[in-house]
Amino acid sequence: MTSNPTFNQETGAAEVAKAYSDAVRDKTVVIVGVSPQSLGESMAMALASQSPGLLVLASRTMLKINAVASKVKDQYPDVRLEMVEVDLASLASVREAADRIDKVVDKIDILINNAAVVMQTHERTKEGLEMQFGTNHVGPFLLTNLLMPRIIQAADKSQSKGTTRIVNLTSAGHIISPVRFSDHNFTKRPEDLPEDERPMSRPGLSFDPPPGKTYVPFVAYGQSKTANVLMSLSISEKLAQEGVRSIATHPGSIWTDLSRDLDEEHQTLVSKTANFWKTLDQGSATTLVAALDPKLSEDTSVIYLNDCQVAEPAAHAKDPTTAERLWKLSEEIVGQAFDYGSTGRL
């Protein structure tokens, strides 16, 4: 349970930041995925209101970052900002961004992996990965681990174990698909996959591709969002003794620029997935609870929040064996091992 049982789907990020102002003040926070009229902007504004020591704003283009930075500075001129470009669909860009961030921080108290894409067509990253898996999981996986020494430094300096946080934005859509270890790039039809890698199927609801096709955008998105939860599970297990906690959050249903690449048909499908549509402020609240609530330091089994409260992810997103399997696959993809061993150190 979180420390505030009254928080719910209508709670806003500004309210959460104010409630946990002590967890923000003087802290170094990195937000990946900031652009105008986005969850990243909403989080930045809410956190800036409570006097952080440093906000690092990262996004794919400096134009988007500058727009958010200007808004923050207009309202909170004393907040210290750093801005970093990163393209999560390019591992080279991720490595460059990690190096730049490392140079402007001496520690990272909170890392929020908020950036994501939703694709309609079968596109690939610069390394040939399916775009949603590559951008939504592999890029953040590499960035997070490259920044881990700074995160552990924050945990070492913290007086309260477990308040150093890594928050991965996921989605309730993770229920659609487990990680397809035998076909994460979507070259096979579902009937050619092992049973435990196939997308969900219910009477009257199928996520199978059309005849002769292998790609279903929402299944690929679901796989990437499952990976976000499994990554949080792995980090919490590997680094709990270091005082680092990771939690995945479902922000709720919000109309944002995330759906910019969907046509009218797919946007119509998305519009039917929720009964309650949140504002950006409400959509950012759960992530800030995960990042700031001191009570969440106490229970390392908490890996998923929804509507500002502890929730249960799908079974395929909370299995430790699957989480470790994904960790190893991700290491193979990025070509670098991140084995924290028994000491929690590389």
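Before the first stop, a working rule: a salt bridge here is a side-chain nitrogen of Lys or Arg within 4 Å of a carboxyl oxygen of Asp or Glu. Keep in mind that you're looking at a predicted model.

Start by selecting Asp109 and Lys107. Their side chains meet in a salt bridge, at 2.4 Å from N to O.

Next, pick Arg198 and Glu195. This pair also forms a salt bridge, and the closest N and O atoms are 3.0 Å apart. Arg198 is partly exposed at 30% relative accessibility, while Glu195 counts as exposed at 61%.

Then jump to helix H10, residues 320-334, and highlight Glu324 and Lys328, which sit four residues apart, about one turn of the helix. Their closest N and O atoms are 3.9 Å apart in a salt bridge. Glu324 is partly exposed at 30%, and so is Lys328, at 39%. Across the whole structure, a search finds 14 salt bridges.

Last stop: Gln223, in helix H7 (residues 217-239). With 0% relative accessibility, Gln223 counts as buried. What is Gln223 in contact with, beyond its neighbours within four places in sequence? Show Phe133, Ser177, Pro178, Val179, Arg180, His184 and Phe186 to see those contacts of Gln223.

Conventions: Residues are numbered from 1 along each chain as its sequence is written. This is a predicted model: local features need pLDDT of at least 70, side-chain atom pairs count only at pLDDT 80 or more; totals for chains, interfaces and linings use all residues. Side-chain values use heavy atoms; hydrogens and water are left out. Helices (H or I, at least four residues) and strands (E, at least two) are DSSP runs, numbered from the N terminus. Buried means under 20% relative accessible area, exposed over 50%, partly exposed in between (1.4 Å probe, protein chains only). Contact means heavy atoms within 4.5 Å.
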